[in-house]
Amino acid sequence: MLNTVKLSYLPVRYQFILLMMVMASALIVFYSVFAYQHEKAEYAKESVSELKAITQVLENDYATLVLNGAPNLREELLRKWQQFPVLEHADLAGASGQTILHYSKSAQAHQNIQLVEPDTIKAVDNLLLYKSIVVSGDEEVGAVTYAISTDSSEKLLIALKELIVISIPIAFVLAILLSIWLQSIFVKPLQDLMEDIKDITLKQAYAKTIFVNKADSSEYAEMAKHFNSLLQRMNATLNEVEQSKKVAQELAYYDELTGLANRRLLTEHMEYILDIAIREHRHGALLFIDLDNFKTLNDSRGHAAGDELLKKVAASLKHVFRGVDTIARLGGDEFVILSGQLEDSEEAVINQIHSLMLKLRHVLSEKFIIQGEIYHLTASIGITTFPNMATTPEGLMKQADTAMYRAKEGGRDGYRFYQLEMQTDADAKLQMETDLRHALSANEFELYYQPQVDEFGRILGAEALLRWFKKDGEMVSPSEFIPIAEMTGLILPIGEWVIKEAFGQLKKWKQADIVPDFRLSINISPYQFDQDNFLETITSLLNETGVSASYVTLEITEGITVKDIHLTIDKMHALTDLGFKISMDDFGTGYSSLMYLKKLPLSELKVDQSFVRDLHVDQSDAEIAATIIAMAKSLSLDVVAEGVEKESQLSFLTYHGCSVFQGYYFHKPMPAKEMDDLLFRNVVVL
């Protein structure tokens with residue numbers, strides 16, 4: 001297929017020439033056609049005038065011949081027609097239309113053509129026909145029809161064609177010359193401007209400007225002036241970019257806040273040190289430091305306070321570690337130290353790290369003055385060695401990070417060396433996360449219900465408990481998967497499913513009207529409670545299921561109060577306004593302040609099963625349980641004891657004023673169907 005080239009793709013000078021040639025050709029053709037039509041019309045007009053003159057001259061002869069039919073007049077009239085060279089044919093007819101006399105210049109017979117109207121001209125073949133009325137006195141006695149040749153107009157057309165053939169090449173030449181002249185006026189300045197722009201672009205000489213004559217007021221001069229302004233701005237911008245690039249190059253390898261190495265520089269140093277360690281059989285270590293509870297400082301005092309602490313920690317790290325070590329900040333409160341002094345053995349590295357940890361913990365344990373207030377800091381540190389443990393920067397970072405999380409799980413404010421089983425645990429947690437995501441979509445979760453009863457075993461309500469049964473029948477303990485769900489954020493969709501499922505089941509029991517005052521307790525994760533849209537979500541689920549909030553108790557843990565107590569109180573008041581009752585679950589195992597406790601809009605305290613389990617044999621647990629019950633009574637709160645498994649526990653709790661119980665002594669957690677049967681039987685344990 002041939003490629004077509006658009007006219008607009010050609011250079012302007014070629015466009016100019018082609019345009020002028022086309023215009024010249026069009027003008028010549030237009031003029032020739034106009035001249036031909038004009039000459040042809042003039043020829044017809046002159047012919048009609050001539051024929052009218054012939055008719056006037058011969059009108060008496062026509063009338064005499066039509067009226068008298070004189071033979072000698074016929075010959076005379078034919079002779080006269082022959083004297084007019086323009087006539088090709090002539091017909092004289094009487095009033096009735098019969099032909100009286102016919103004349104034809106050539107030997108070929110003429111076919112009569114009747115014209116509709118007199119004094120009109122009509123072209124037929126190569127002839128022009130004209131009809132005129134013959135009058136004698138005031139009476140029409142006949143008509144004469146003439147036929148004249150169009151050879152003259154044809155000759156004119158041939159002459160015009162010859163003129164066009166001759167004129168077009170001349171016009172082309174003139175058009176080219178004219179276009180060249182016009183180009184020097186219009187196109188040449190544009191080409192010069194384009195050449196200057198091209199030269200500046202190729203040489204990247206943006207400091208250069210295009211010369212403009214002050215007397216030049218053309219559009220090209222204006223364009224050049226605007227381009228010069230653009231060049232000035234571009235040159236200024238490039239200078240700024242160059243300066244910024246220099247600053248960026250300085251910052252590319254360093255953390256802007258602390259001045260420590262950033263991840264990029266750390267990675268390059270790791271690659272370099274690892275190469276030496278592998279090649280020379282030397283040993284080193286990588287430390288991953290995460291500040292404990294740093295987010296609490298950020299949330300309570302703001303990011304400015306957090307930044308101030310990070311700067312001071314960076315300064316402390318510089319005092320502890322050697323100049324050959326690479327101290328880096330990855331972001332947030334995460335710091336990494338790469339040992340730059342390689343040792344002959346891994347044992348020597350470990351001994352060196354133990355010594356450094358003593359110094360580091362001593363430095364970090366000092367008081368940090370942040371915005372005029374004292375802040376005590378601890379850190380969790382993960383350590384791995386190389387090249388025995390890993391030979392790539394990615395592997396080292398992953399191992400040190402895993403060890404750091406193990407240090408946090410061990411109670412924070414400590415350090416752990418990476419061990420192979422840590423990776424096994426990390427892989428197991430990753431698999432657990434994958435399985436959890438599948439469980440939610442595969443409907444593997446189920447709610448069990450454990451009744452809450454009075455001292456006589458009468459059912460007052462139940463607590464909804466989440467259970468996970470895999471498709472292969474394996475049951476996964478909540479103590480295994482709940483921490484993973486909270487760590488990965490999966491607790492949010494799972495928690496929403498629990499609330500919706502529990503609301504739906506409660507509605508069924510209320511519609512059956514089995515226990516009129518039956519209440520259902522639902523555990524709320526701190527991660528759920530902290531969500532900005534938690535109130536909106538739970539309100540939407542109430543509306544969707546149609547259940548009344550007045551029959552629902554939301555169980556929260558003491559950890560909810562650790563962050564923003566005022567926001568917590570406001571959110572809890574909003575929940576109680578909806579009709580919910582709020583219970584403090586696992587009370588006594590966390591960090592709740594008694595001052596906060598009296599401010600929270602609670603309806604109930606739950607005595608944790610860890611105190612109930614051994615209260616009949618451990619005096620401390622017994623005293624704690626009795627104290628919690630007494631404190632709840634003083635605050636006018638209901639008390640629920642969980643984990644009741646023995647009659648002696650029930651007796652102790654009843655004696656001290658607890659009136660609601662939950663545990664295996666009465667009922668185990670059960671599926672909704674078994675709970676239905678239990679409620680319908682209205683089992684009472686005496």
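This is a predicted model: local features need pLDDT of at least 70, side-chain atom pairs count only at pLDDT 80 or more; totals for chains, interfaces and linings use all residues.

Reply: Residues are numbered from 1 along each chain as its sequence is written, and side-chain values use heavy atoms, with hydrogens and water left out.

Me: What makes His 281 count as exposed?

Reply: Buried means under 20% relative accessible area, exposed over 50%, and partly exposed in between (1.4 Å probe, protein chains only). His 281 has 64% relative accessibility, so it counts as exposed. You'll find His 281 in the loop between helix H6 (263–280) and strand E6 (284–291). Helices (H or I, at least four residues) and strands (E, at least two) are DSSP runs, numbered from the N terminus. Phi of His 281 is near 55 degrees, a positive value in a residue other than glycine.

Me: And why is Asp 413 called partly exposed?

Reply: Asp 413 comes out at 36% relative accessibility, so it counts as partly exposed. Asp 413 sits in the loop between H10 and strand E12 (414–417). Its phi is near 50 degrees, again a positive value in a residue other than glycine.

Me: What is the peptide bond from Phe 386 to Pro 387 called, and on what omega?

Reply: That bond is cis, with omega near 5 degrees. Pro 387 belongs to the loop between strand E11 (379–386) and helix H10 (393–409).

Me: How do you know that E18 and E19 pair?

Reply: Two strands pair if DSSP finds at least two bridges between them. Strand E18 (residues 581–587) and E19 have three bridges, in the parallel sense. Phe 587 stands opposite Val 607 in E19. E19 also pairs with strand E20 (residues 638–642), in the parallel sense over four bridges, and there Val 607 stands opposite Ala 641.

Me: Which way do the side chains of E19 point?

Reply: In a regular strand the side chains alternate between the two faces of the sheet. In E19 (residues 604–607), Glu 604 and Lys 606 point one way, Leu 605 and Val 607 the other way, and all are buried.

Me: What makes E2 and E3 edge strands?

Reply: They belong to an open sheet of five strands in the order E2-E1-E5-E4-E3, with antiparallel pairing. Strand E2 (99–104) and strand E3 (121–124) each pair on one side only. Within the sheet, strand E4 (residues 127–136) and strand E5 (residues 139–149) pair over ten bridges in the antiparallel sense, and Leu 127 has Ser 149 in E5 as its bridge partner.

Me: What makes the largest nonpolar core a core, and which residues have the most contacts inside it?

Reply: A nonpolar core is a set of buried Ala, Val, Leu, Ile, Met, Phe, Trp, Tyr and Cys residues joined through side-chain atoms within 4.5 Å. The largest has 79 residues, and Leu 436, Phe 503 and Leu 653 have the most contacts inside it. Its largest share, eight residues, comes from helix H13 (residues 491–512). Apart from it lies another core, of 33 residues, including Leu 291 and Phe 321.

Me: What does Phe 503 touch?

Reply: Contact means heavy atoms within 4.5 Å. Not counting residues up to four places away in sequence, Phe 503 touches several residues, among them Ile 522, Leu 541, Val 552 and Phe 580.
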